Amino acid sequence: MSRKKYFLSVVVPVIFIAVAAFLNSVFAQEPPDFFLPPGATEGEGTHFEITDSEYLNITLDSSETIKLSMESIPEMITMMIDPA
């Protein structure tokens, strides 16, 4: 097999599969907290903290794994809790 045919039939598909797997793993993840405004957090787990709020810093611990979206803004705290 010539080098050109080998490159086109083996190397290019392997590179394509590797790039596709990498992109799939990147976009399948939850967005990191740096996309959230100050005083907000979200994710899945049993321990959550807001430490950068202008209003009130909050720590929440759960005995079960949950999905949580929590905000601490002036004069209001919001939480949305779902089972994981």
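How many helices and strands does the protein chain have?

**View 1. The chain in overview.** This is a predicted model, in which local features need pLDDT of at least 70, side-chain atom pairs count only at pLDDT 80 or more, and totals for chains, interfaces and linings use all residues. Residues are numbered from 1 along each chain as its sequence is written, and side-chain values use heavy atoms, without hydrogens and water. The protein chain has one helix and three strands, in the order α-β-β-β from the N terminus. Helices (H or I, at least four residues) and strands (E, at least two) are DSSP runs, numbered from the N terminus. Of the 84 residues, 15% count as buried (under 20% relative accessible area; exposed is over 50%, partly exposed in between; 1.4 Å probe, protein chains only).

**View 2. The largest nonpolar core.** Seven residues form this core: Phe48, Ile50, Ile58, Leu60, Ile66, Leu68 and Met70. Both β1 and β2 give two or more residues to the core. The largest share, five residues, comes from β2. Such a core is a set of buried Ala, Val, Leu, Ile, Met, Phe, Trp, Tyr and Cys residues joined through side-chain atoms within 4.5 Å.

**View 3. Around Ile66.** Leaving out residues up to four places away in sequence, Ile66 touches Gly43, Glu44, Gly45, Phe48, Leu60, Ile81, Asp82 and Ala84. Contact means heavy atoms within 4.5 Å.

**View 4. Tyr55 in its loop.** Tyr55 sits in the loop between β1 (40-50) and β2 (58-73). Its relative accessible area is 40%, so Tyr55 is partly exposed.
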